[in-house]
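Hi,

Here is the structure I said I would pass on.

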Amino acid sequence: MLIPPVALNLDDLNEPQRAAVLHDGGPLLVLAGAGTGKTRVITYRVARLIEGGVSPDRILAVTFTNKAAGEMKKRISDLAPGAGSRVWVHTFHSFCCRLLRRHHEKLNLGRHFTIYDEDDQKRTIVEAMKTLGLEKEKNKAGMYVHIISRAKDDLLDAGSYKIHSDASPDPARQTAASIYEAYQRLMDAAGALDFGDLIMKAYDLLRNHEDIRKHYQGFFQHVLVDEFQDTNRAQYGLARTLAAEHKNLCVVGDDDQGIYSWRGANIGNILEFEGDFANTRVVTLEQNYRSTPQILEAAVSVIHYNRNRKPKKLKTDNAAGEPIETMELPNEVEEARWVVRRVAQLVEAGRGLRDIAIFYRTNAQSRAFEESLRAARFPYRIVGAMRFYERKEVKDVLSYGRAIVNPDDTAALVRIINVPPRGIGKASLDRLSHDARESGMSLWEALKVAPGLSSVSPASKRAIQRFVELMEHLRSQAASRPPCVALETVIEASGLRVWLEEETKTDPEAAGRLENIAELVNAAKDYELRLSAAGEAADLGRYMEEVALQSGVDSYDESVPAVTLMTVHLAKGLEFPVVFLTGLEEGLFPIGSNAAPKDLEEERRLCYVGMTRAREKLYLTHANTRRIFGHVFASLPSRFILESQLTQGSPVLPSRPVRSPDAAPVRSLAAMRVGMRVRHPSFGLGKVTESSGSGKDARVMVRFDDGRTTKLLVRYAPLEPA
Ligand code: ATP
Ligand code: MG
């Protein structure tokens, strides 16, 4: 297909952005603060490469979410008509999945491998523990999922992890190594990969097969990676390998926005990049296009308190906006009510609901906002909470789909073998699972031979026989049909629909479940239509993969007129005209009491990410008390509120906060005299050099012993005489 010539307008870029976009080739690192157009640089650069004659299908651009990938494709097509669908725009996971399907035979992997989610992983860990006689450790399954996932992020397979552990004096490491090995054996038997495997196995594929490696290294002329600060070792290793021949690797990132170290991301990749690639061109961007000066100033002021960072400049020519509003409320219910009252005022003043976002640190905080929004009849959507595909009834139908595509998918079989109930007892299932584990078979293989075994009761034998026949029937009927037809067949032939209809007589929630499975069929239909519009045919296997790779934020549709609720983590890369950053309390945000300095710095980066999502108006709220697990806790305002106000002697003025009657007494200026030695929990010791204002507006200037001089609002600053 001939690509029509592109006419890129480079006037949409500032000077350094243009330099990055026009950079001829060779390693390129764009390191810049929030909202400076990093993502825009990637998009324009791809379009520019196409304009310059590079074939779109020789370009790989990696984004952080599928949603971001979809948007980037759209933008590329706007700039270079027709090219968006041909460029490889992927997340690391979806790219690796594609690679592994293509070369599955090299890895002793079925083409129809399943992708296990965290829940499936936990179940498999518990099975692995059983093979080792460690059932008692069951409640630690989540911890082992974490350990194994982190090992994979660092490219340590079970064998290498064991070697490392053998050298360790810590017996817990050795237990983890044994569980890892047993887990991997079960994953192999089930033809299943977890998210860490996708990356690690793709990396191994390239490393161990020179022909394949050479092919892709030659094939991809350009590799571009967005949000580079959140890549882990395995992902970076993969990108580096792919770009090793042409050396056209362009990465963009912001070390101040690294918020996934708990998931193995390694900000150090940014620092290593220049060492790994000689002659790296480094471009820094300083002009923020997103936010008002007030918002930017406050966010920069916060991040400034991190010690472990690359200093960078950030400025904006955007017009001055309204001041940041900081509000103190008595408790989380009042906090939610206040936010919703503000939403009402904004809407009254002509704001669209979709312009407004409410961020929080933990999912549990959404409930109070939901209640207040519902009471005020404001439509809202929660991004990334319980994913639609995680609902039990939806997952049951999908598990049938998975087991049709990959008979060995044990986690799926265990889910559906008795759903709807068909009289296969738990004891029989446990025994079969045990036999399967012992003999290295998959559960499916064990089920097929079960009717011939004396250890299984005659009733169970008959039930198992019927289940095996059902699955074989479904496989012959559904496997090759379009996903939507296949799922409808599953729902009918498995008896799920009839069973749920029966349930509606006694269970008021069952009707909702029926609606959800109908909605799943619709979703599958949408998927088919989307693919056929792109000239591709959908099959059940691909649909299962699409669902498995969905992430929380992918479902977010900004055209829906509703207030958006989400955790700060999920907000990365997005922007909203109005942002409420809530629950800014010590222990909640930053989370945890006595966080280690490096964790505290990550929390601060998270706060910086949250603040820099706002374009025009930012609200910071905190509550004096908060109910957590049924107990009421008193809380202090987050240090980040204070830090946001300390802009080198010119604090961004907070609006006058409402104080609850039972709030702590306002600290008084009288206690702070010029010349006095004081102590601050984050900044250490210092000396008061000036005082001004009175009452609630009282401020002091403090020169801290580390040389930093800052102006503090006495009523907020946790200053004590030293
Ligand atoms: P983040 O750090 O949050 O990922 P980013 O650096 O990727 O941000 P973008 O999302 O690319 O920044 O851009 C931020 C906003 O600024 C977007 O709305 C974008 O359209 C706009 N923008 C970027 N560059 C320019 C420019 N040269 N002229 C006008 N607007 C721009
Ligand atoms: Mg970006």
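Let's start with ligand 1: 17 residues surround it, and the closest are K38, T39, Q257, E575 and R613. I call a residue near the ligand if one of its heavy atoms lies within 4 Å of it. By class, that shell has three nonpolar, seven polar and seven charged residues. Helix 2 (residues 38–51) gives the most to the shell, with three residues.

Before the details, two notes on the model. It is predicted, so local features need pLDDT of at least 70 and side-chain atom pairs count only at pLDDT 80 or more, while totals for chains, interfaces and linings use all residues. Residues are numbered from 1 along each chain as its sequence is written, chains are lettered from A and ligands numbered from 1 in the order written, and side-chain values use heavy atoms, leaving out hydrogens and water.

Now the polar contacts (pairs of N or O atoms within 3.5 Å). A polar side-chain atom of Q17 sits 2.8 Å from a nitrogen of ligand 1, and a polar backbone atom of D12 is 3.0 Å from a nitrogen of the ligand. A backbone N or O atom of R40 is 3.0 Å from a ligand oxygen. Taken alone, ligand 1 exposes 640 Å², and the protein buries 81% of that (Shrake-Rupley areas, 1.4 Å probe).

The other thing to look at is strand 12 (residues 563–567): five of its five residues are buried, so the strand is largely enclosed by the rest of the structure. Buried here means under 20% relative accessible area (1.4 Å probe, protein chains only). Strand 12 runs parallel to strand 10 (residues 356–360), joined by four bridges, with I358 partnering L565.

Cheers

How values were computed. A polar contact is a pair of N or O atoms within 3.5 Å; within protein, one must be able to donate a hydrogen and the other to accept it, and residues adjacent in sequence count only if both atoms are side-chain atoms. Helices (H or I, at least four residues) and strands (E, at least two) are DSSP runs, numbered from the N terminus. Ala, Val, Leu, Ile, Met, Phe, Trp, Tyr, Cys and Pro count as nonpolar, Asp, Glu, Lys and Arg as charged, and the others, Gly among them, as polar. Buried means under 20% relative accessible area, exposed over 50%, partly exposed in between (1.4 Å probe, protein chains only). Two strands pair if DSSP finds at least two bridges between them.
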